[in-house]
Structures are given as C-alpha cells and as structure tokens.
Amino acid sequence: MKAIEASNLQKDRVSGFFMHRKRVVTDLDLSIEAGCVFGLIGPNGAGKTTTVKMLINLVRPDSGKITILGRAPNDPIVKHKIGYLPENPFFYGHLTGREFLDFAASLFGLTGRAKKDRVTEMLGLTGLMPHADKRLAAYSKGMLQRAGLAQALINDPDLLFLDEPMSGLDPIGIHDVREIVKSLKQRGKTVFLNTHLLEDVRILCDEIAVMNQGRIIKRALTADLANISIQDYFFDAIEDREAAP
Ligand SMILES: Nc1ncnc2c1ncn2[C@@H]1O[C@H](COP(=O)(O)OP(=O)(O)O)[C@@H](O)[C@H]1O
Ligand SMILES: [Mg+2]
C-alpha cells in the first residue's frame, strides 16, 4: 500500500511589502510506500516545509491531488493516524513536559490510565523522564525537540512527518532520534523526513528525493547509492539544475 501519493502539487506564496508572488512548489509528484523511510533533502527555501504542510492539510495546495493512507488529507481518520514534528514547534512554557504530553494525548481522545501510561512511555522513549516535571520554559533547545518528538508520537502514528528533527540536538540527541526512527521502521511505520543533513539520509532513509527551488529534481533508493557519497549526489543534482536553461 502507498502511504503517500501526490500528483501535480503546486503552491504559490505571496510575501513582502510589494506582495510579490512566487511559486514555491512546482509540479510535485510523490509516491511513498508504506513502511518506507523517505527523506526529502534540499537547501533552505527549497520548499520542503511547504510540501509537508500540504501533505498534512495545514496548507492548501493551489492545485494537485493528495492521498494519505488511502484517504483524503482532511479525513479525520488520517488525522488520527499521522504524527507531525514541525520545524519550529510552539510550546506553552508554563506547562511541564508531562503536562504538555498529557494535553497532546487528550487531543487524541486518550483518558485515564491509558493516557498516563502513554505519556510515561513517551517520556521514557525520548529520554525526558528526568525532566518530566520541569516547565518547558526551562527546557534547552534539545529537550524541547525531544518533547516535540514525544508529542508527534503520542498517538502511535502509522505515518510520521519529521521536519528537520535534528535541529538543536547534541550528538546524544541525534543518536536517540536516529534510534527512534529505526525502531519505528522496524515496527512497519512510514516516516517522512525533511532534512538538510546528508548523513541522516545515508543512515535512515530507504528512498530520497532532492528538492530545489520548488521542484523535485532527482530521486533514488539509498541502496542504489551505496557506492556514491550522498554529498556528491546532492551537489550534482543541485548543479545540474542550476546549469539548466
Ligand atoms: N507563509 C509563507 N509566506 C510567504 N512565503 C513563504 C511562506 N512559507 C514559506 N515561504 C517561502 O516559500 C519558499 C519555500 O519555503 P519552505 O517550504 O519553508 O522551504 P524549506 O523548508 O525547504 O526551507 C521560501 O522561499 C519561503 O520564503
Ligand atoms: Mg523547512
């Protein structure tokens, strides 16, 4: 089964005082198998975050079609089956880590013992247990990133979107997130990873696509790149594009 299918996605954004209109995603097609760890890589401004936001129904595409887990992206069932770690998550600083996760679990209808157990499990999984009762305002960037990840996993999603999950993490945090992604894969989950860290791609992804200036310009199975450096593959893709008329 396909976890994600998208065809001909297009999105314009308007910005600045002069309301300049710019196409930030152009003719984007995606087809991602369930159980796959997919990496969307590209420089800042390539359109990766906009793409994820369209897939999870936070941003409406100007045109194109999206199917998530066999359903329309705005289907409430889809909402229950996906998890999302935003690039810049917002946190209520006055909540403790435990309270924040308790709140996130409530949004998915968990109550009582099941909710408590799930929160405890997520605190353990993300290494936050020692900080569970501190306020988020006192968390470091890395601890917040872990809290964001715990939140994204609270409903045990089948499909997880991680937008630059390593940002702000120290080497231990990076290692932990990688281990979490690997364990999700072992459990048959699908992971959509936005990153500009090429090392993560090599370690985690089954399949990658390089995005630049709103377009996917190259894609590959990482197994087929075994003898090439991902860095070379990435820079070749970007240069080919820039050399094109
Ligand atoms: N809300 C917005 N309003 C206007 N322009 C935006 C908005 N969000 C993103 N953009 C523009 O869209 C382009 C793609 O951004 P983004 O999807 O965040 O790329 P990436 O995640 O690859 O860094 C950039 O040029 C960015 O400035
Ligand atoms: Mg981004």
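## Salt bridges, ligand shell and aromatic pairs

Across the whole structure, a search finds 16 salt bridges, a salt bridge being a side-chain nitrogen of Lys or Arg within 4 Å of a carboxyl oxygen of Asp or Glu. The model is a predicted one, in which local features need pLDDT of at least 70, side-chain atom pairs count only at pLDDT 80 or more, and totals for chains, interfaces and linings use all residues. Residues are numbered from 1 along each chain as its sequence is written, chains are lettered from A and ligands numbered from 1 in the order in which they are written, and side-chain values use heavy atoms, with hydrogens and water left out.

### Salt bridges

| Pair | Closest N and O atoms |
|---|---|
| Arg 21 and Asp 12 | 3.1 Å |
| Asp 75 and Arg 71 | 3.4 Å |

The partners can be described by their relative accessible area (buried under 20%, exposed over 50%, partly exposed in between; 1.4 Å probe, protein chains only). Arg 21 is exposed at 54%, whereas Asp 12 is buried at 14%. In the second pair, Asp 75 is buried at 18% and Arg 71 is partly exposed at 34%.

Helices (H or I, at least four residues) and strands (E, at least two) are DSSP runs, numbered from the N terminus. Both partners are partly exposed, Lys 185 at 32% and Asp 206 at 26%. Elsewhere, a network of salt bridges links Asp 156, Asp 158, Arg 187 and Lys 189.

### The shell around ligand 1

Ligand 1 is surrounded by 13 residues, of which the closest are Lys 22, Gly 45, Lys 48, Thr 49 and Thr 50; a residue is near the ligand if one of its heavy atoms lies within 4 Å of it. Strand 1 (2-15), strand 2 (20-33) and helix 1 (48-55) each contribute at least two residues to this shell. Its make-up is four nonpolar, six polar and three charged residues, where Ala, Val, Leu, Ile, Met, Phe, Trp, Tyr, Cys and Pro count as nonpolar, Asp, Glu, Lys and Arg as charged, and the others, Gly among them, as polar.

Individual atoms give further detail. An N or O atom in the side chain of Arg 13 is 3.4 Å from a nitrogen atom of ligand 1. From the backbone, an N or O atom of Gly 45 lies 2.7 Å from an oxygen atom of the ligand, and a polar backbone atom of Ala 46 is 3.1 Å from an oxygen atom of ligand 1. The protein covers 67% of the 560 Å² of accessible area that ligand 1 has on its own, areas being computed by the Shrake-Rupley method with a 1.4 Å probe.

### Aromatic pairs

The structure contains six aromatic pairs (rings of Phe, Tyr and Trp, the last by its six-membered ring, with centres within 6.5 Å; planes under 30 degrees apart are stacked, over 60 edge-to-face, the rest tilted). Phe 38 and Phe 192 form a tilted pair, 5.1 Å centre to centre with 45° between the planes. This pair links distant parts of the chain, with Phe 38 in strand 3 (residues 37-41) and Phe 192 in strand 7 (residues 190-195), 154 residues apart. Phe 38 and Phe 192 are both buried. Phe 91 and Phe 100 form an edge-to-face pair, 5.3 Å centre to centre with 65° between the planes. Phe 91 is buried at 16% relative accessibility, and Phe 100 is buried at 8%.

Methods: A polar contact is a pair of N or O atoms within 3.5 Å; within protein, one must be able to donate a hydrogen and the other to accept it, and residues adjacent in sequence count only if both atoms are side-chain atoms.
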